[in-house]
Amino acid sequence: MVILLGILAGGGWWGWKAISSSADPTCVAQKLPNNRLVPKQVVLNVYNGGARAGSAGRVAEALKKRGFNINKISNEPKGDKVDVVSLRGASANAPEMLLIAGQLNQKAVMVADGRTDHTVDLVIGAGFGSVKLKGSPSVSVPAGTEVCLPVIRTPQPIPSGQNPN
């Protein structure tokens, strides 16, 4: 019985170590070429927080065409409603937040939630109009500053004949 308990404890320890040590980094600190953050370096979630059905998809498509990496398009996960538009991210003055704010026709409410992965949530409400015809192509960061950029994961194709679930 003692030997079996030892094996069980050892297996539990090994499993815990395997899970905790294999966690992928959520962002990578790096210096930006020309001290500019560009859309292809930003991961964005677009949520409908009270706008007409399909609005989040249309906004996400417009921002994807500008080079942003769209992660999720959905209704606001917590069910929160916004009047016009809100941006949530690591900090209110984070370069990724400022770059996305530069795409919008209306002033966004900036919400700093301290997230460590540096993705941004764009939540659009009933009063949201549209994105600018020509948004900011980049934002500057101080010379020599390291910016934590989200890890961009590209979906892997599912081999023919295999069930994805």
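This is a predicted model: local features need pLDDT of at least 70, side-chain atom pairs count only at pLDDT 80 or more; totals for chains, interfaces and linings use all residues.
## A first walk through the chain

Residues are numbered from 1 along each chain as its sequence is written, and side-chain values use heavy atoms, with hydrogens and water left out.

Let's begin with the whole chain. Of its 165 residues, 35% count as buried; buried means under 20% relative accessible area, exposed means over 50%, and partly exposed is in between (1.4 Å probe, protein chains only). The accessible surface is about 10,400 Å², and carbon and sulfur atoms own 58% of that. These areas come from the Shrake-Rupley method with a 1.4 Å probe, and for residues only the protein chains shown count as cover. Take the contacts (heavy atoms within 4.5 Å) between residues at least 6 apart in sequence: 79% of them join residues at least 24 apart.

Helix H2 spans residues 55-65, and its buried residues are Ser 55, Ala 56, Val 59, Ala 60 and Leu 63. They sit on the same side of H2, because they cover an arc of only 125 degrees around the axis, the arc being that of the directions from the helix axis to the C-beta atoms. An α-helix has 3.6 residues a turn, so residues three or four places apart point the same way. What do the buried residues of H2 pack against? Their partners are strand S3 (43-48), strand S4 (69-75) and strand S7 (120-124). Over on the other side of H2, Arg 58, Lys 64 and Lys 65 are exposed. After the helix comes Gly 67, with a positive phi near 110 degrees.

The structure has one disulfide, that is, a pair of cysteine sulfur atoms within 2.5 Å. Cys 27 and Cys 148 form it, with their sulfur atoms 1.7 Å apart. Cys 27 lies in strand S1 (residues 27-31) and Cys 148 in strand S9 (residues 146-150), so the pair ties together parts that are 121 residues apart in sequence. The torsion about the S-S bond is about 85 degrees, so the disulfide is right-handed. Cys 27 is buried, at 16% relative accessible area.

S1 and S9 are also joined by five bridges and run antiparallel; two strands pair if DSSP finds at least two bridges between them. Cys 148 is the bridge partner of Ala 29. As for cover, four of the five residues of S9 are buried.

### Strand S5 between two partners

How many residues of strand S5 (residues 85-89) are buried? Five of its five are. Val 85, Leu 87 and Gly 89 point one way, while Ser 86 and Arg 88 point the other way.

### Some loop residues

Gln 103 is in the loop between helix H3 (95-101) and strand S6 (109-112). Is Gln 103 buried or exposed? Gln 103 is buried, with a relative accessible area of 1%. Its side chain reaches the backbone oxygen of Ser 136 at 2.7 Å. Setting aside neighbours within four places in sequence, Gln 103 has contacts that include Leu 63, Phe 68 and Val 131.

Most residues other than glycine have a negative phi. Asn 34 has a positive phi, near 60 degrees, and lies in the loop between S1 and strand S2 (36-37). Asn 34 is exposed, with a relative accessible area of 72%. His 118 also has a positive phi near 60 degrees, and its place is in the loop between S6 and S7. His 118 counts as buried, at 19% relative accessibility.

Technical notes: Helices (H or I, at least four residues) and strands (E, at least two) are DSSP runs, numbered from the N terminus. A polar contact is a pair of N or O atoms within 3.5 Å; within protein, one must be able to donate a hydrogen and the other to accept it, and residues adjacent in sequence count only if both atoms are side-chain atoms.
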